[in-house]
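The following briefing accompanies a predicted model. It is arranged by topic for a reader with the sequence and coordinates at hand.

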Amino acid sequence: MSKLKREEWYDIYRDVNWTPRYVDHEAIFPEWWSGTGKIPLEAWAEWDEPYKVSYSEYVVTQREKEASAFAVKSALKRSTIFDKLDEGWKSVSKEHYGATSLVEYMAVLAELRMARFGLAGAWRHMATFGALDEIRHAQLDLLFAHEFIPKDPQFDWAQKAYHTNEWGVVAARALFDGLMSNPSAVDTAIQLPFTFETGFTNLQFVGLSADAMESGDYNFANMISSVQTDEARHAQQGHPTMQLLMEHDPKRAQWLVDKTFWLSARLFAILTGPGMDYYTPLEHRKQSFKEFMEEWIVNQYARTLKDFGLREPWYWDEFMRGLETWHHSLHLGVWFWRPTVWWKPQAGISKAERAWLNDKYPNWEQQFGPIWDQLIANVNAGRIDKTLPETLPWLCETCNLPIGTAGAPGHAHHPVRAYSMNYGGRMHHFCSKPCRQIWWEDKDTLHQDTIIMRLLTGQIQPPTVPGILGYMGLTPEVMGDDAYGYAWAKEYVTDTLRQVAKEAAAAGSVPAK
Ligand code: MN
Ligand code: MN
């Protein structure tokens, strides 16, 4: 029996569509699920994925990927690599597992929505593979993290994080629900594969993989690179969908991209920024977060936007300036509120690290140096209580991140301030103008209270730091603390003594020698 060539059967096989006779189209593809909007139904016949794959080819490739991910894992099983990993690096991987594992599962549901309600047979075919991909990612993440739980209970948050109301998780859930759980198939395709997976997963899975290799975490590097090969394939569902939307409703396309990009950038400033610029050991840092962002997001993604005839988002200059400030402010906040996270934030402020920060970010010292000096002085004077929170910062109602973290102290264009709006009988507060504008457009579909709102409306009891930590699901054995037990602050002791003497002299007394 002679075999047909792939190109002879592929189009028939992948584009299975028929005209239903017993029910009407709307019953099978309700508009609120499919979301075709101004795209005429006939236009969907043009949908054509750039990357072709059949089921049998898919299975063979995926089997190989799984085999190689597990080969590395089992080869390293009896090694002592984990015990030798730097504590700061371990925090990168804990943060990643907690913030990502169950999002991979959420992505299964988003892919299945496109596989069911996408209006082109070829799209549904691609999305089915996407769903299988995401099952694999959720399972890989959970399995790889599970192995470390006996050594360190913080790894349990790979599974637990999204079942809690931890504040970073609330922020991540707000973004990912908006990208994946709430929208129609078309909106999902623009927000998830086109914007998020084409831009931001590259940063997380390629950029972070480079740091993981350098840090000696081969298992993690190998796992996330394996995940990225799937993301790169199924992200391409976004392109033909974007083509149709640009043709028939460019305004909608631009808005979806603009808001998704902004919200993703805000979240990545906390998800990836501190890991790259503070937690990864200095000698293993491949590039700064800003350099990774410039490479993967600014250059590559901005080119994709142009190729499709999209404009730069309206806030582009503000976003670019944010590369200098956002993640530094967020890192400072995470370190200060360290009991509220499930990893051990590494301060990353030794003198050598500080020199690196000042080299990569020329305004770092002026904006963040004085605050860190105060924290260091308190650490060295044994006043650890002064370096810990007594309450929560006000949170932005759109991105759920602390107000002030879209700016920096003393920054001319980005001062620490709130952007407010009086609406519906109360004031609403935001970290930035774009977050305020996105909230205004989307307010009818946003139903997630910030942790602050929950505190003010009595949902968190007692309204104290222990009460808040309990509400967030943080038990004593997983609460974050400084990665190195403050050892890094020792080299500043003489500076601290000098400062204490200065304070004492100003107060009119001379300290005893
Ligand atoms: Mn995935
Ligand atoms: Mn994906």
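**Briefing on helix packing, metal sites and aromatic pairs**

Helix α13 (residues 250–271) packs with helix α15 (residues 289–307) at an angle of about 170°, and their axes are 13 Å apart. Helix α13 is therefore roughly antiparallel to α15, since angles over 145 degrees are counted in that way.

**Contact of α13 with α15**

- On the α13 side, the contact is made by Val257, Phe261, Phe268 and Ala269.
- On the α15 side, Phe289, Ile297, Tyr301 and Leu305 make the contact.
- Sorted by class, the contact of α13 with α15 has 8 nonpolar residues, with no polar and no charged residues.

**Contact of α6 with α9**

- Helix α6 (residues 87–117) and helix α9 (residues 167–181) have axes 9 Å apart and pack at an angle of about 20°.
- This angle makes α6 roughly parallel to α9, because the cut-off for that label is under 35 degrees.
- Val103, Met106, Ala107, Ala110 and Arg113 are the α6 residues that meet Phe176, Asp177, Met180 and Ser181 in α9.
- By class, the contact of α6 with α9 has 6 nonpolar, 1 polar and 2 charged residues.

**Manganese ion (ligand 1)**

- Glu104 (OE), Glu134 (OE), His137 (ND1) and Glu231 (OE) coordinate the manganese ion (ligand 1), at 1.9 to 2.2 Å.
- Along the sequence, the donor residues of the manganese ion (ligand 1) have the spacing E-x29-E-x2-H-x93-E.
- The manganese ion (ligand 1) lies 3.5 Å from the manganese ion (ligand 2), and Glu134 coordinates both.
- Distant parts of the chain are linked here, with Glu134 in helix α7 (residues 121–146) and Glu231 in helix α11, 97 residues apart.
- Glu134 counts as buried because its relative accessibility is 1%.

**Manganese ion (ligand 2)**

- The manganese ion (ligand 2) is coordinated at 1.9 to 2.2 Å by Glu134 (OE), Glu197 (OE), Glu231 (OE) and His234 (NE2).
- The donors of the manganese ion (ligand 2) are arranged along the chain with the spacing E-x62-E-x33-E-x2-H.
- Both Glu231 and His234 belong to helix α11 (residues 218–234), where they are 3 residues apart, about one turn of the helix.
- Glu231 has a relative accessibility of 2% and therefore counts as buried.
- His234, at 0% relative accessibility, likewise counts as buried, the cut-off being under 20%.

**Aromatic pairs**

- The count of aromatic pairs comes to 43.
- One of these is formed by Trp9 and Tyr13, whose ring centres are 5.3 Å apart and whose planes stand at 80°, so the pair is edge-to-face.
- Trp9 and Tyr13 both lie in helix α1 (residues 6–14), 4 residues apart, which is about one turn of the helix.
- Trp9 counts as partly exposed, with 26% relative accessibility, and Tyr13 also counts as partly exposed, with 29%.
- Tyr10 and Tyr13 form a tilted aromatic pair, with 6.1 Å centre to centre and 50° between the planes.
- About one helical turn separates Tyr10 and Tyr13, because they are 3 residues apart in helix α1.
- Tyr10 is buried, its relative accessible area being 4%.

- Gly207 is located in helix α10 (residues 185–214).
- With a relative accessible area of 1%, Gly207 is buried.
- When its neighbours within four places in sequence are left aside, Gly207 is in contact with Asn202, Met276 and Phe292.
- Gly207 and Lys344 are 137 residues apart in sequence, and their C-alpha atoms are 21 Å apart in space.

Notes: Residues are numbered from 1 along each chain as its sequence is written. Chains are lettered from A and ligands numbered from 1 in the order in which they are written. This is a predicted model: local features need pLDDT of at least 70, side-chain atom pairs count only at pLDDT 80 or more; totals for chains, interfaces and linings use all residues. Side-chain values use heavy atoms; hydrogens and water are left out. Donors are N, O and S atoms within 2.8 Å of the metal (3.2 Å for Na, K and Ca); water is not among the atoms, so sites may look incomplete. Helices (H or I, at least four residues) and strands (E, at least two) are DSSP runs, numbered from the N terminus. Buried means under 20% relative accessible area, exposed over 50%, partly exposed in between (1.4 Å probe, protein chains only). Axes are lines fitted to C-alpha atoms, for helices over the stretch in contact, and angles run from 0 to 180 degrees between N-to-C directions. Angles under 35 degrees count as roughly parallel, over 145 as roughly antiparallel, 65 to 115 as roughly perpendicular and the rest as oblique. Contact means heavy atoms within 4.5 Å. Ala, Val, Leu, Ile, Met, Phe, Trp, Tyr, Cys and Pro count as nonpolar, Asp, Glu, Lys and Arg as charged, and the others, Gly among them, as polar. Rings of Phe, Tyr and Trp (its six-membered ring) pair if their centres lie within 6.5 Å; planes under 30 degrees apart count as stacked, over 60 as edge-to-face and the rest as tilted.
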